[in-house]
Amino acid sequence: MSADPTVPPEAPEEAAETGTLAARLALKQRAGGLVVPILTALLAFVLGGVVVLATGHNPLLAYRDIFNGAGLNWIFHPTTNIASTDAYNLSQTLLQTTTLILCGLAVAFAFRCGMFNIGGQGQYLVGLYVANWLGYEFAGMRPLPHILLAVGGATLAGAAWAGIAGFLKATVGAHEVISTIMLNWIAIWGGIWLFGDGGPLQNVANKSVPISNDVAASAQLPVFWGVQGLQGLDVGFFVALAALVVFALILNRTTLGFEVRAVGFNPEAAAYGGISVKKNLIRAMAISGAFAGLAGALDMLGYLYHFGTSDIPASSVGFLGIAVALLGRNTAIGTGIGALVFGALLYGTTHGLSSNVIDPSLAGNLTYMIQGLVVLFVGADVLILYIWNARRKLRPKSKSKTHPVGASA
Amino acid sequence: MKFSRGIMLACAVALAAVVVTATAFGGAKAPTTQKASFTAALVSDIGKFTDKGFNQNQLKGLNVAKSKLGVSTLALQSNSTSDYAPNFNSAIRKGAKLVVAAGFLLAPTEATYAKKFPNVDFAITDYTVHTSPFADKKGNVLPAYKNVEGLTYMANESGCLVGVLAAKMAVKNGGTAVGAVGGLKIPPVDIWIAGYKYCVHKIAPKLKVLVQYSNDFVATDKCQTVAQNEIAQGAKVLFQVAGGCGLGTLKAADDANIWGIGVDVDQYSNAKRVLTSGVKRVDTGVFDAIQQAKAGKFQGGSDLVFDLKNGGMGVGKINPSVPKAWVALMNSYKAKIISGKLKVPTGL
């Protein structure tokens, strides 16, 4: 990829001044390159450290434990042997990263069309349910077609779920933030009904617990690092990496991507240019939902195999996807890195911090604190931009000043 | 290229970060091996160890085992579904001889690990081994799961005792109904309500027993809504059977100036108008399983049953406004249950 895939050459200069969400993003992307997201993350980590310090623990030691707990110290002595603790931890971190990449892309794609998809969680859950149903119901199929069926069905279900919000926005102007939040709740309660007592997808072997059936062996994704059945790292990881490439290709190399971005920058201008805004709103939401639905499918077929009703409201990967996309600034590479950061944090805080040293409740909440701080700082982009620009002005002779504002490289 | 400077700076930052981490973390030593010979682990469900009830109470049992039996302990919290397997893995990796799973949500994962690690003992709270996935359809424990012990609780017995007081109080206050607010409609919840309902009707056959579920064990507002609904239908006493969520039920009872009944642990101090609490000693269960396993008397492939007789079930602090005669009546029920004269149903 080029150094700057995020700034489309056709971005109209006026857009930067109109103050729309997409325009602000574009401005920010021009201003800070990679520095702003790194600053954002660093600030969040520093403030998270202050919280750890306030509880009477050494934040540096805590971060070291998180780093090791996430298996990132694997790079100092790499091995493919899963019996090594570092290798196991890394495989688990990558498993989380897989989900977060796709949930991040689900948010990022809608963002590029000027929409805020808060419904990643609902779309993820719908994908999870459909993958579970297809994976159980069609037991006995040959593995490859079965996996393709379950993954395809779940992806389409996620797309349809998000498509509802896109359709409502395009036809009656219902704001996607409201409709996706409501669709999340429908997905949550729908799942509780499906897997709950007497529900159609409840476990047939044990009717006394509200847990779904297990996905048949023929639909389980092959594990390439770890032990099949013991939550090893499955091939879904490569699917997520491929999704990053697909995301970048769609946005930057296709007519569809051009139209989506044009609508995102300025719907009026896009419409004036002959692009159907309504069509693109629906398409962008559906593609967003497809990423989230795919995440649900890979989780279900990759390592979960079953899901309980109590697990449904406790799941929050779809919301973490928002932080991932914001940190990754809605680009493919950024989302990939953001997903790794949050995947490592999520796994490292839960499994790296010893419960004898740091209270497990604090350890678990540290991830969410840092997530919240990232969202806060990204939301407060103006502040970071201000600091960034002030730094520029402090320099006696700035070459960048000779460039006209907003000119592309 | 105006971006090159930014990228260079970013690379410099990243490089510095890598160097710092390499020097700071590279020399980190592996954790020292445990000194005590026996290690017991407890894996929470997604209710977490901070749920003021089910999980937290089991953690208490683990900590008591640590101080009284001198065993090493590992408390592993699951913040999400994907934490179950790594928590079992890390317990076994760190040398746990006994892994206790805190509830039915962990049953499928525990089954996978129990099969894979036959030399490690496993126990599971609130779940019988005589059902799937540990047993065949007839309830015979499969050979692969002879290392799994179920820890089951006769909560219907305690449910009956609090039902006696609830019925008395409702009748005294001229009410026509009492209520129960469950978490999920699952056997560990329904067994409480079954005993409660049975004994409410023993005392006052005409009282209606309202039963509704919040579908949540954590969010207090959901239980509060369901509770308010039952209060609107005339309930004068509410029995909460939803863990941390049920604190919302107790609050609703406070607000409406009726009575609430706590569950699992003694919740007398969690609200102003708590009549009493149905106490289920899941801490005792964890402790007993560890004690057995440490002494080499672990009974894999069977259930360890806790009831009023062996003190695994009980009743919490009773509000002083309850007349002595009622307490005596309740104790007569307790004696009848223990002697086997009164059989309380276990299901609704």
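**Figure 1. Who does B:Ser90 touch in this predicted model?** Leaving aside residues up to four places away in sequence, B:Ser90 has contacts with A:His351 and B:Leu76.

**Figure 2. B:Ser90 in its helix.** Zoom in on chain B and you'll find B:Ser90 in helix α3, which covers residues 84-93. Is B:Ser90 buried or exposed? B:Ser90 counts as buried because 21 C-beta neighbours fall inside 10 Å, and the cut-off for that label is 20 or more.

**Figure 3. Strand β10 of chain B and its cover.** This strand takes in residues 274-280. β10(B) is mostly covered, with seven of its seven residues buried.

**Figure 4. The parallel partner of β10(B).** Strand β9 of chain B, residues 259-264, runs parallel to β10(B), and five bridges join the pair. To pick out one bridge, look for B:Val263, whose partner in β10(B) is B:Gly278.

**Figure 5. The antiparallel partner of β10(B).** Here the neighbour is strand β12 of chain B, residues 313-315. Three bridges link β12(B) to β10(B), and the two run antiparallel. B:Lys280 is placed opposite B:Met313 of β12(B).

**Figure 6. A look at chain A.** Chain A holds 17 helices and two strands. Of its 409 residues, 56% count as buried. Take the chain A contacts between residues at least 6 apart in sequence: 73% of them join residues at least 24 apart.

Key
Residues numbered from 1 in each chain as written. Chains lettered and ligands numbered in written order. Predicted model: local features only at pLDDT ≥ 70, side-chain atom pairs only at ≥ 80, totals over all residues. Buried ≥ 20, exposed ≤ 12 C-beta atoms within 10 Å, placed from the backbone. Helix = DSSP H or I, 4+ residues; strand = E, 2+ residues; numbered from the N terminus. Pairing = 2+ DSSP bridges. Contact = placed C-beta atoms within 7 Å.
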